[in-house]
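Hi there,

Here is the structure I promised to pass on.

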Amino acid sequence: MLNEELKITIAEWLSSATFDESGEWLNINIEPQDWPILAKKLRNDENHVFDFLFCLTCVDWKTHLTMVYHLTSTKYRHNIVIKSKLNRDNPEIETVSDIWRTAEFHEREVYEMFGVNFINHPDLRLLILPDGWEGKNPMRKDFEDPINMIKL
Amino acid sequence: MFEEIGTTAEGDLVINMGPQHPATHGVLHLLITLNGETIKKVEPHLGYIHRSIEKMCESLTYRQFIYVTSRMDYLSAHINNHCCALCVEKGLQIEIPSRAQVIRILVDELTRIASHELWWGAMAMDLGAFTPFFYAFRERETINDIMEETSGARLTMNYIVPGGVMADIHPNFQKRVKSFIQLFKSKVDEYDELVTGNVIFQGRMKGVGVLSKEDAISYGCTGPAARGSGVNCDIRKLYPYEIYNTLEFDEILETAGDSFARYMVRIREMKQSIRIIEQLIDNIPEGDFQAKTKAVLKLPKGEFYQRVETARGELGVYIISEGGTTPYRIKFRSPGFSNLSALDHIARAGKIGDLVATMGTLDLVIPDIDR
């Protein structure tokens, strides 16, 4: 499906969404509170069926965090990227682990590395970091570890 | 986590598998809840070999970070390097010489065979057959020797770099690959005779650890683990890179979704890799093995995503560049991480004895999962 068609449908679903076509795929910027409804529509709509969440990650932009979801459809083979800005002090977004099961592990990774709180996540615990880890989230840009950090 | 071990209030037994269990092939720790012999829950605990490669890469230049990625999925080192090189080339918008493209595919496919061979030997060993391990290593050793001659390393090759390959192939490369292919063809049939047709082996594999097509997609499974369930997910076919679109090979699909299907996908994939190598080995174009690139690479501001098919599935490299010499953020979407997330779902309601077979056919490589 062409980006133009995708843009029209998504703008119908969510009028506040903004688009960016400078990259390889269509980027859609949304507000975090709109994500659960849009995610369900993307997954379940018969003409789109974005059933494969192939990458879920977070980026620390120093002023805010951005959640990045890469989606593809195994039926139609179109790709989109969903981005959502989060407040850096209290980052919160609804989980999508009930829609795409792969998100459960990926969200746990983002939770410990960036400190994003995924609302309604079934099992939001540390996955990679050792039990009892305290302090800052390692993948944030202001994280300093004087002992183990590799600086070149 | 260790105080959780013992008997729960419902009378279930909670036990550890790993991090030093021989069948986890690395430092993976599973906390298993059992009701008798039946698995109620499998909970992976990761991080024993976490090196925070993503964070490390943020302070390494585009030429340097490729060396770290060989240490992720160390059985597909070439393919990891390949993915990173492609992503950087996508950002730089450079064309690489056709000789380099062909060499890259040749070493990729040799790596795939080597990786599947190690998996085959190790998996048979998990199920109690020790001989296949030696058989597999005998042939894998030949590939390692070929790699060593050309790239100087046996495991972490760092041979594929942005712009092409590090050095030209060794003069013996073509001759040795051809004699290996000749030898290997008869060996695959020998593997089938030894293991695939074995009644005990089939009894332990068929109908065990079933993963449906919908679940495979939902859990983000890729590679042979998903193709065993009938999911079209071969990146070489779907989003061809280099010259894969000009080559003749089949995407292997099985529909049963059990351990045996995943096993058969890998065995048949080895034969497809041979097909690819045979098409290319006599047709390596003359010319440069590396494009002319600047000494210091600078990617323009933007985002670049590249995916390739490793021996385990879809590897994605996501680079966010701010225009400097180092990536602002880099994310590796590793196939093993997603495949592991499906383990709990697959193993539930199965027997503890079958868990090893299920895990074996998912082909988990722990450094790839932890990164």
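Below is what turned up, starting with some ground rules.

This is a predicted model, in which local features need pLDDT of at least 70 and side-chain atom pairs count only at pLDDT 80 or more, while totals for chains, interfaces and linings use all residues. Residues are numbered from 1 along each chain as its sequence is written, chains are lettered from A and ligands numbered from 1 in the order in which they are written, and side-chain values use heavy atoms, with hydrogens and water left out.

First, the interface. Chain A has 42 residues in contact (heavy atoms within 4.5 Å) with 41 residues of chain B. About 3700 Å² is buried between the two chains, 56% of it from carbon and sulfur atoms; buried area is the accessible area (1.4 Å probe) lost when two parts are put together, summed over both. On the chain A side, Phe105(A), Ile128(A) and Met139(A) lose the most area to chain B, together 17% of what that side buries.

Six salt bridges (a side-chain nitrogen of Lys or Arg within 4 Å of a carboxyl oxygen of Asp or Glu) join chain A and chain B. One pairs Glu24(A) with Lys90(B), at 3.1 Å from N to O.

Then there is helix H14 of chain B, residues 352–362, with eight of its 11 residues buried (under 20% relative accessible area, 1.4 Å probe, protein chains only). Helices here are DSSP runs of H or I, at least four residues, numbered from the N terminus. Among the buried ones are Leu355(B) and Met359(B). Asp363(B) follows H14(B), with a positive phi near 55°.

Best wishes

How values were computed
Buried means under 20% relative accessible area, exposed over 50%, partly exposed in between (1.4 Å probe, protein chains only). Helices (H or I, at least four residues) and strands (E, at least two) are DSSP runs, numbered from the N terminus.
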